[in-house]
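Open the model in your viewer and keep the selection panel at hand. The tour goes stop by stop, with something to select at each.

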Protein chains: 2
Amino acid sequence: MSLKHTLLGFLNYGPQTGYDLKKHMDNSTQFLWHARLSQIYPALKRMEEDAWVESTAAPQEGKPDKKFYMITDKGRRALIEWLDQFPGEIAPDKKPELLRVFFAGALDKENILTHLRHQVALHRTQLQKYQTEAQSYIAEIVIQTGLERESVFWELTRQFGEEYERMYIAWLEQAIQTTQDKL
Amino acid sequence: MSLKHTLLGFLNYGPQTGYDLKKHMDNSTQFLWHARLSQIYPALKRMEEDAWVESTAAPQEGKPDKKFYMITDKGRRALIEWLDQFPGEIAPDKKPELLRVFFAGALDKENILTHLRHQVALHRTQLQKYQTEAQSYIAEIVIQTGLERESVFWELTRQFGEEYERMYIAWLEQAIQTTQDKL
DNA sequence: CCTAGCATGTAACCAGTTACATGATTCA
DNA sequence: TGAATCATGTAACTGGTTACATGCTAGG
């Protein structure tokens, strides 16, 4: 299970609240791992029971107390152990959009083409996001935190997103061509 | 939920047992959608309750009766309805291996390079599979079933796998270079 | 006035994994 | 002799989503 390890990864940069962690996930690991607050809060609680993290409460007016979580040595060891695992084989993940293409033969030609063109538009938008928002967000965080070494890998995963979207768009264009020619 | 729709997609090609469906998933949609038998059997049961499928039992000696499932008109409508959905935005999926790269800064340089090289090997193997096994499997099924129109899309998703692995390998090689230069 | 953001959480439910149960046949 | 394939399932558990609950502040 990787949610706990994602939280450890972020807490390794410094103490944060559950709410902060959610925002960081939304802004950076969104396309690698994501979770709702309703899952994050109980996860942090269990991590504290396992002594991976410690919490301190900061009272506030008109809002619930802020609860800052800090990674422990045990937590840091758990993070390193997880990072240092070698997968024996590639884990298949679920791609509902491609599953629709796999079974697309049940739809008529024009409808399939409309769907493929719709996908192209979505992926062009996503490519733009990786090239603009994602890039400037990383730059901003590096200025705020000074985590230069870490940012090398943030930037690499951002580039993966960019290359993935380029590949996806090129493949969709090929798929449109093939559908026009062969159906 | 897409498991039920995957099963409908395959049942739309002809009546099959739960066991057959599992094998087809393992051989074709494995990297788009997959499930265990312990999930497939109850799913088929619920689909029968919803009148998406109908079953007939074929007695056998020394084994449990084979249970052939057949798609109904209602099931076919549910399949088309699902295929014809336009997603409003791209759904993020979980990529544990890339998450490890994102947090790789916590490991030392040589160890990171070892992990990246290990990934290259895994993805080269996967690329080979898409180019050989996957391709000949599709050809075989087309001969057996004559589903030529459908095979256009099976082949397109196979090509996606191929392009994805090429992109992944090229990115990993770039990541190795960057790690060597910047760390 | 209403929506978004801040800040915490619980409860019910659905999806998916792991382990268990049965039992015959074939192949290395 | 032991593993793999065929063929069905159930039970317990874990992971993740949806809905609910509270309540203040700032901005359009």
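Which helix gives the most to the surface near DNA strand D? Select helix 3 of chain B: with four residues, helix 3 of chain B gives the most to that surface. Helices (H or I, at least four residues) and strands (E, at least two) are DSSP runs, numbered from the N terminus.

Before moving on, some ground rules. This is a predicted model, in which local features need pLDDT of at least 70, side-chain atom pairs count only at pLDDT 80 or more, and totals for chains, interfaces and linings use all residues. Residues are numbered from 1 along each chain as its sequence is written, chains are lettered from A and ligands numbered from 1 in the order in which they are written, and side-chain values use heavy atoms, with hydrogens and water left out.

**Stop 1: DNA strand D**

Stay with DNA strand D and show its surroundings. Now color the DNA atoms by part. Sugar or phosphate supplies 71% of the atoms of DNA strand D within 4 Å of the protein, and bases supply the rest.

Next, draw the polar contacts (pairs of N or O atoms within 3.5 Å; within protein, one must be able to donate a hydrogen and the other to accept it, and residues adjacent in sequence count only if both atoms are side-chain atoms). B:Tyr19 places a polar side-chain atom 2.9 Å from a phosphate oxygen of DNA strand D. For B:Lys45 the distance from a polar side-chain atom to a phosphate oxygen of DNA strand D is 3.3 Å.

Zoom out to the elements. At least two residues each come from helix 3 of chain A and from helix 2 (18–29), helix 3 and strand 2 (66–71) of chain B. Color by class: six residues of this surface are nonpolar, eight polar and eight charged. Here Ala, Val, Leu, Ile, Met, Phe, Trp, Tyr, Cys and Pro count as nonpolar, Asp, Glu, Lys and Arg as charged, and the others, Gly among them, as polar.

**Stop 2: DNA strand C**

Select DNA strand C. Of the 23 residues around it, A:Tyr19, A:Tyr41, A:Lys66, B:Ser38 and B:Gln39 come nearest. Start with B:Ser38: an N or O atom of its side chain is 2.8 Å from a base oxygen of DNA strand C. Then take the phosphates. The side chain of A:Tyr19 has an N or O atom 3.0 Å from a phosphate oxygen of DNA strand C. For the side chain of B:Arg36, that distance is 3.1 Å. Highlight helix 3 of chain A, which gives the most to the surface near DNA strand C, with four residues. By class, this surface has six nonpolar, eight polar and nine charged residues.

**Stop 3: the two chains**

Now select A:Pro92, in the loop between helix 4 (73–83) and helix 5 (96–102) of chain A. Leaving out residues up to four places away in sequence, A:Pro92 touches B:Gln30, B:Phe31 and B:His34; contact means heavy atoms within 4.5 Å.

**Stop 4: salt bridges**

Where do the charges pair up? A search of the whole structure finds 18 salt bridges over all chains, each a side-chain nitrogen of Lys or Arg within 4 Å of a carboxyl oxygen of Asp or Glu. Select A:Arg124 and A:Glu173, whose closest N and O atoms are 3.2 Å apart. A:Arg124 lies in helix 6 (residues 109–131) and A:Glu173 in helix 8 (residues 148–182) of chain A, so the pair ties together parts 49 residues apart in sequence.

Finish on A:Glu162. Its salt bridge with A:Arg158 has closest N and O atoms 2.7 Å apart, and the one with A:Arg166 has them 2.5 Å apart.

Conventions
Near = heavy atom within 4 Å.
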